[in-house]
Amino acid sequence: MRNDYIPYPARIVSARDETYDTKTFRLKFTEPSVAEDFNFKQGQFLEVSLLGRGEAPISICSSPLEREYFELNIRSVGSLTGAICRLKEGDILYVRGPYGNSFPFKEVKGRDLVFIAGGIGLAPLRGLIQMVLKNKKDFGNVSILYGAKSPEDLCFRDELEQWSEVEGTSVYQTVDRASDGWNGRVGLVTELYEAAGIEEGAGEMSNTTAFLCGPPVMIRFAARKLKACGFKPGNIYVTLERYMKCGIGKCGHCNIGGVFVCVDGPVFSWEHVEGFTEDF
Amino acid sequence: MYYYLRREKLAGLLLHLSKEWSVLAPFRNSYGDVTLENLDSVAENGRAEEIASRLALGGRTDSAQLLSPPKEVFFPQSEILFQFSEKGNGEFAIEQPEGKDDPSGNKPKLLFGIKPCDYHALLMTGRFFLEDNTDFYYSTRANGSMVIIDSCIVPPEPEACFCSSAGTGPLMKRGDEYDIQLVEEGNGFIVDVASSRGEDFVSGLENFFKIADEKETARRLEEIRKEAVGNVELKVDFKGALEIMKESPEEGETGERLPAIYREIADRCIYCGACLYLCPTCTCFNVYDNSNFCSVLTLLEEGERAGERVRVWDGCVFSGYSREASGHNPRDDAYKRAERRYEHKLRYDPVVYGRSTCVGCGRCLTGCPVDIGMLKFIEEVTVGNEE
Amino acid sequence: MSKIMERKITTCIYCGCGCGLYLQTDGNRIISSVPSRNHPVSDGSLCVKGWNSFEFENSRERITQPLIRRGGKEGKLEPATWEEAIELVANRFSSFKERYGSDSLAFLSSAKATNEENFLMMKLARAVFGTNNVDHCARLCHASTVTGLALTMGSGAMTNSVEDFDKADCFLVTGSDTTGQHPLIGSRIIRSVLDRGAKLLLFDPRRIRLSKYAHIHAQQRPGTDVAWINGLMHVIIRDGLEAREYIEERTTGYQELKRVVERYEPSYVEGITGIPAKVLEEAAHIYAGTRKAMIVFAMGITQHTTGVNNVKSLANLAMLTGHVGFPAMGVNPLRGQNNVQGACDVGGLPDVYSGYQKVENPEARKKFMKAWEVDYLPDKTGLTLTEIFQNACRGKIRGIYVMGENPALSDPNLNHLCGCLKRTEFLVVQDLFYTETAEYADVILPAASFAEKDGTFTNTERRVQRVRKVMEPVGNSLPDWKIISMVAKAAGYHQMDYKDPSQIMDEIASVTPIYGGISYDRLEPFGLQWPCPDKNHPGTPYLHKDRFTRGKGRFLPAEYQPPAEEPDAEYPFVLTTGRTYWHYHTGTMTRRTSVLAREIPENYVEINPADAEAMNLKNGEMVSVSSRRGSIKVKAKVTEYVGEGLVFIPFHFAESPANILTLQDTDPEAKIPALKVCAVKIEKA
């Protein structure tokens, strides 16, 4: 019988500093058969181990269309992620997955898309953005609204630049606190709505789908405002984070209400979760 | 079919069964507790006499609750998921136990003498672990197992258990999902065989099980059931509680009352975890790595780097249970954790499983150092409901 | 053949409650812990530490073989055989004894080890090496209690039983975070207050979980305990609430007490303690007016330079109201460690043999010389824990043998202490783990855990109960009693050869009147409470029935004296230290237990919101906390659990040890350090 708890070694092909505390790792399973069998969908996550220290759920931040490797964006926030962030090219991580459901892709073809991300919340959306932009002709306008605590906390800066150059794609950035040399906007990510044409009283946004990822407070705030701006809750997708230990709906940690974030999510339509009494 | 099993045959039966099964049965120790023990560990000390004298079976004359819920057999408090040791190139050799740590060896387990409430709980944990993404470890330990129920005529914990209200006992009913139940009668047991698997089990054991008259036994069982239900003194409005919990708790009168109850519980609670550890349907676990090379004070730098990944019972009353790596905790406030516990059992699981995962065993009350427990919660929630 | 799954009942390793629990093994490791339903303390329940007490034993960080530091003090610890390690310890200690005298050696017994092991440790010190320099961490917790209660009532132990908490109608709790540190006693207080209407009078500078249920929560300034206790007695006498007959019949020294407390008028006490006069008066009336009233105290009373006076004053208060010598009425020090009571009972102290028989008493010495077949035993009281390290610093102590203690984290003024450890010529550490203390060791001896050996622990209610071997010792580790016997033998002593610990208990019983009737066969199912003088004695649920142990109870009034260090302009905060519910002492066990370590993964300092605001400090920000002795960095936890001007830091965390900051000033009689009060300053880090 298959044992879902056994991780497989994956070698770090490259490790790039994204910010002062965040790194993007490019990985490949060392066993060819494992690498061969590894397929994932946009929005799914992996359980990543540093054996001896532990395991954490990390969303895949690369595009499923890329078969040669997968990427993880990891922020050093605790002893495990801290130790992972000290790893270098050639080091081994232990990985199992993918887990969870995925973002709609085919289903949103032909529609305008808005991506709203806070901090490293851009990572889970990145794979989807890459897929969409690679097939841009199948989609309408794409807006990427990205906010971070400070300019130093913005991830994927080069890519944001590249994305903004794709036709019919706009990138808006903002920070909570400016630092020297920052000429961009200062404020919450929701303050970017207007620039992206999302306004209260502008009528129903029936041809636009929004994707959200970021800190829990941001998600609630941003989704509520989208609703006020004419988005149907069914056209808003959020990806939720939760402490989790197994990834297969057994350990119980990610249970909110009657759902498991790890198997019923991490992607939820706002329609599904807006009524949850519990904090995300 | 119905059979009759004489008490004096019990020990012999268990020893006979232990040839093919890893037999686990309730034994009373000299400290007054009843625990589910492997026959091998008991029999070594004195064979049949020892077994007969310590066996705690019989819903009327020896009605006893297992100290730990039987989930521990398939889902131990702590178990190794796999072991790892460094190979030298940064990679580790990973070895999964394949049930090697399971003392039952290769024999399937026979749980002989499980109370109906605990049996219902096993059905639920079985569904939870085996359906959708089968849990390797639970499945390995539970593979081929069978449960024989010892129904209650007298409640084992009269001040805490409320199976008749929770709908899980005191006897099984034909039509329920079970193989065999024992119901104490006279100097032995009525053996109610309710499935073909049960019939297969008793066939070939004619030395122990004597066929009983179908009609007469059915009539007698009905009598006993009535008596047994009457013997359960604790009655709570379980259905009423489920109805109340079903409403959106943010609205109406319960919308104010429930949070107040949760707060009261959170204040009183000393966060020992007993209600979760002892709950026969609580399945949460934590996973951690036990290794020899990650401590601040590392003693021996040479030597093999090795360790194991372990899972251990966990529970939603602990703040760390839901705290995320970022430090954010959706259930930072203790009352949110109390709410979680009761809503899970009484509000969400009925939707997911079609019935509440509280089986009314009462262990959360007997094990609680400050006397909280599901029973009291239900009583408080349904205050004012018509009898 | 399949492995045998075994489940055995034993006694919890954590606090002094001494809960009965079953540990289960699968043959290789311990896999579960579950409470005994009939045990008088656990009563079917455990605290979170007890429920998780099966995990640390399985840690891969256990030391599994003896280690010797080779190549001098800066050398490396390397694996060695037991023969070599034991030989080395015995030889070094013997040669120190020869060259510098017996008193150049010191032995630390352990409140975590069994009675049998503590007895052997003091036998090793006294009979084999000829010194009374044997002490243990009781010095840091209830030394003041042992002294204070022995002087006033004749016995330094809890007077009541745990089950009395289910019967009392009034609890005066002071300096004890009972739900945190003695959860199964704290839970009984909660139940009594909420379900039986018992009254709770809480005297504690911090807000604790019990505060919510307290009828009165008086938050005295730390270190002012004698003042408020005298204040209570003042009100009791002023209002004629004293137990006149009881005082007359059963006590001495009342007039002196009356004279001393005369000036502790409530308004005067308010000035010292900050407790409103009215509150004090109300508390006095409730305590004196309730018959079944128990005083409950712990480290908040004892860990002061006035610790003994604090304890004496509590004893005075209980005797004044006739509240000692009956069920559910008494003076109840809650002993911290699982076996700190036992370690004291069997003589792990510099002034007494087992059963508190004074080493200075020639009769006692004679008795022990005969029992141990030696012709000499030292007659002068040995050095206390605090003195041992000071003398090591001065080069007077050459060899120290530490069993199951971690002074490099638990003792005050760590910078100084660690300097002493470094300067100790030969340090032996016997432990399960490579502790902060073991870092300085010349020899490390791997010890078996409580689940890997037989023995007894004595809990806070004086209940001597069994500890059972559930599993074989991990690796090459050995039970402490075996290791000590091996050292004794290697040092040429031949009266320390035991087949199993029950023989050691028989020896204890033969020389210890309070344990006289205790033997393993009598400890089934749930132990015996001492005094238990003979084979037919049923044990003693409460002390001082009809007469005090010392005859008449003796009032020993004390005057209030300010703490050794008070806040000033430079160090404006009072620091108090202690434990949390989730961790135990230096964290060697709880920080190796996943659920517990996760709950509180790192250190913090509790600071009042008003103080935080004045410093523009946010919850979770890093601060540096400094005293005149050192400085640590910790996260600020802004909470109303501490009052303004007060901060609290738990001492579990080696990364930022609270004891870098604390004072080593001690109580003059009990030599207990003032861990509960020192002055600190706080700056943003």
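How much area do chain A and chain B bury between them, and what percentage of it is on carbon and sulfur atoms? The views below come from a predicted model, in which local features need pLDDT of at least 70 and side-chain atom pairs count only at pLDDT 80 or more, whereas totals for chains, interfaces and linings use all residues. Residues are numbered from 1 along each chain as its sequence is written, chains are lettered from A and ligands numbered from 1 in the order in which they are written, and side-chain values use heavy atoms, with hydrogens and water left out.

**View 1. The interface of chain A and chain B.** Chain A and chain B bury about 3700 Å² between them, 53% of it on carbon and sulfur atoms, where buried area is the accessible area (1.4 Å probe) that two parts lose on being put together, summed over both. On the side of chain A, the residues that lose the most area to chain B are Tyr5(A), Leu51(A) and Lys250(A), together 19% of what that side buries. The contact (heavy atoms within 4.5 Å) involves 42 residues of chain A and 47 residues of chain B.

View 2. Arg309(B) and Glu55(A) meet through their side chains in a salt bridge, at 3.2 Å from N to O. Between chain A and chain B, 24 residue pairs, both at pLDDT 80 or more, are in polar contact; such a contact is a pair of N or O atoms within 3.5 Å, where within protein one must be able to donate a hydrogen and the other to accept it, and residues adjacent in sequence count only if both atoms are side-chain atoms. The elements that give two or more residues to the side of chain A that touches chain B include strand 1 (8–17) and strand 4 (54–59) of chain A, strands being DSSP runs (E, at least two residues) and helices likewise DSSP runs (H or I, at least four), numbered from the N terminus. The residues of that side of chain A divide into 19 nonpolar, 12 polar and 11 charged, with Ala, Val, Leu, Ile, Met, Phe, Trp, Tyr, Cys and Pro counted as nonpolar, Asp, Glu, Lys and Arg as charged, and the others, Gly among them, as polar.

**View 3. The interface of chain C and chain B.** Here the contact takes 65 residues from chain C and 68 residues from chain B, and the area buried between the two chains is about 5200 Å², of which carbon and sulfur atoms give 51%. Arg37(C), Arg60(C) and Arg598(C) supply 16% of the area that chain C buries against chain B, more than any other three residues. Across this interface the rule finds 7 salt bridges, and the side chains of Arg37(C) and Glu157(B) meet in a salt bridge at 2.9 Å, N to O. The count of residue pairs in polar contact between chain C and chain B, both at pLDDT 80 or more, is 36. Helix 7 of chain C gives the largest share, 7 residues, of the side of chain C that touches chain B.

View 4. Asp62(B) and Arg28(B) meet in a side-chain salt bridge at 2.8 Å, N to O; Asp62(B) lies in the loop between helix 3 (47–54) and helix 4 (71–74) of chain B and Arg28(B) in strand 2 (residues 22–28) of chain B, so the pair ties together parts that are 34 residues apart in sequence. Asp62(B) is buried, with a relative accessible area of 17%, whereas Arg28(B), at 28%, is partly exposed, where buried means under 20% relative accessible area, exposed over 50%, and partly exposed in between (1.4 Å probe, protein chains only). In chain C, the side chains of Arg238(C) and Glu281(C) form a salt bridge at 2.9 Å, N to O; Arg238(C) lies in helix 8 (residues 225–238) and Glu281(C) in helix 12 (residues 277–289), so this pair ties together parts that are 43 residues apart in sequence.

**View 5. The disulfide of chain C.** A disulfide (a pair of cysteine sulfur atoms within 2.5 Å) joins Cys393(C) to Cys420(C), with an S to S distance of 2.3 Å, and the link is left-handed, with -95° about the S-S bond. Cys393(C) lies in helix 17 (residues 385–393) of chain C and Cys420(C) in helix 19 (residues 414–423) of chain C, so the pair ties together parts that are 27 residues apart in sequence. Both Cys393(C) and Cys420(C) are buried.

Technical notes. Salt bridge = Lys/Arg side-chain N within 4 Å of Asp/Glu carboxyl O.
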